[in-house]
Amino acid sequence: MELLKKLFGSTEEQLYTEPTFHCDYGYNIHVGENFYANFTWLLLDFCPIIIGDYCFIAPSVHIYTATHPFDPFKRNSGAEYGKSVTIGDNVVVASDSVVTKNVPADIVVGGNPAKIIKQIELNK
């Protein structure tokens, strides 16, 4: 976890990830308190990825900020662009999901592309 704290742009105190983990840069990744990621997750952090507090990433999740043009001539030129992704507090990302857009707090998302599955009812 100390390596992740050095690699990521910012972290809180409590974070844990199972192996394996892959990213482009690392410094564009920011995770909140009590973060957990299960096995085999991938982050294409061309732009910032901001993950809130108490988030759970299930196995085989991918989070992408990078993309390419659909037009083949533009794509073959090497053009690339991206958009930041923010995942709110208390989010659960289901297994095998691909997150490419912002996720509001207190939500379960899943699928490819990830969509809202349900609201999380908080017991405070």
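## Aromatic rings, the core and the loops

Setting aside neighbours within four places in sequence, Phe35 is in contact (heavy atoms within 4.5 Å) with Gln14, Leu15, Tyr16, Trp41, Ile51, Cys55 and Ile57. The model is a predicted one, in which local features need pLDDT of at least 70, side-chain atom pairs count only at pLDDT 80 or more, and totals for chains, interfaces and linings use all residues. Residues are numbered from 1 along each chain as its sequence is written, and side-chain values use heavy atoms, with hydrogens and water left out.

Phe35 also turns up in the largest nonpolar core, which has 24 residues. A core here is a set of buried Ala, Val, Leu, Ile, Met, Phe, Trp, Tyr and Cys residues joined through side-chain atoms within 4.5 Å. Buried means under 20% relative accessible area, exposed means over 50%, and partly exposed is in between (1.4 Å probe, protein chains only). The members that touch the most others are Phe8, Phe35, Ile51, Ile63 and Ile87. Two or more residues come from each of β3 (29–31), β4, β5, β6, β11 (85–87) and β14 (107–110). Strands (E, at least two residues) and helices (H or I, at least four) are DSSP runs, numbered from the N terminus.

Next come the rings. A pair of aromatic rings is described by the distance of the centres and the angle of the planes. Rings of Phe, Tyr and Trp (its six-membered ring) pair if their centres lie within 6.5 Å; planes under 30 degrees apart count as stacked, over 60 as edge-to-face and the rest as tilted. By this rule the count comes to six aromatic pairs. Take Tyr16 and Tyr36: the ring centres are 6.1 Å apart and the planes are at 5°, so this pair is stacked. Tyr16 sits in strand β1 (residues 15–17) and Tyr36 in strand β4 (residues 35–37), so the pair ties together parts that are 20 residues apart in sequence. Both residues are partly exposed, Tyr16 at 38% relative accessibility and Tyr36 at 22%. Tyr36 forms another stacked pair with Phe56, at 5.1 Å centre to centre and 25° between the planes. Phe56 belongs to strand β7 (residues 56–57) while Tyr36 is in β4, so here too the pair ties together parts that are 20 residues apart in sequence. Phe56 is partly exposed, with a relative accessible area of 32%. Elsewhere, ring pairs link Phe8, Phe21, Phe35 and Trp41 into a cluster.

On the surface, Tyr25, Tyr27 and Phe46 form a nonpolar patch with about 310 Å² of accessible area together. Patches are made of residues with over 30% relative accessible area and no salt bridge, with like charges joined within 9 Å and nonpolar side chains (Val, Leu, Ile, Met, Phe, Trp, Tyr) within 5 Å; the areas come from the Shrake-Rupley method with a 1.4 Å probe, and for residues only the protein chains shown count as cover. Phe46 is in the loop between β5 (41–44) and β6 (49–51).

As for charges, a search of the whole structure finds one salt bridge, meaning a side-chain nitrogen of Lys or Arg within 4 Å of a carboxyl oxygen of Asp or Glu. Glu13 and Lys5 form this bridge, with their closest N and O atoms 3.9 Å apart. Glu13 is exposed at 58% relative accessibility, whereas Lys5 is partly exposed at 25%.

Some backbone features are worth a look too. Pro19 and Thr20 are joined by a cis peptide bond with omega about -10°, and Thr20 is found in the loop between β1 and β2 (21–23). Another cis bond joins Asn112 and Pro113, with omega about 0°; Pro113 is in the loop between β14 and β15 (115–119). Asp96 is not a glycine, yet has a positive phi of about 65°. Asp96 lies in the loop between β12 (92–93) and β13 (98–99) and is exposed at 53% relative accessibility. Asp106 likewise has a positive phi, of about 60°, without being a glycine. Asp106 sits in the loop between β13 and β14, but is buried, with a relative accessible area of 17%.

Ser60 is in the loop between β7 and β8 (62–64) and is partly exposed at 28%.
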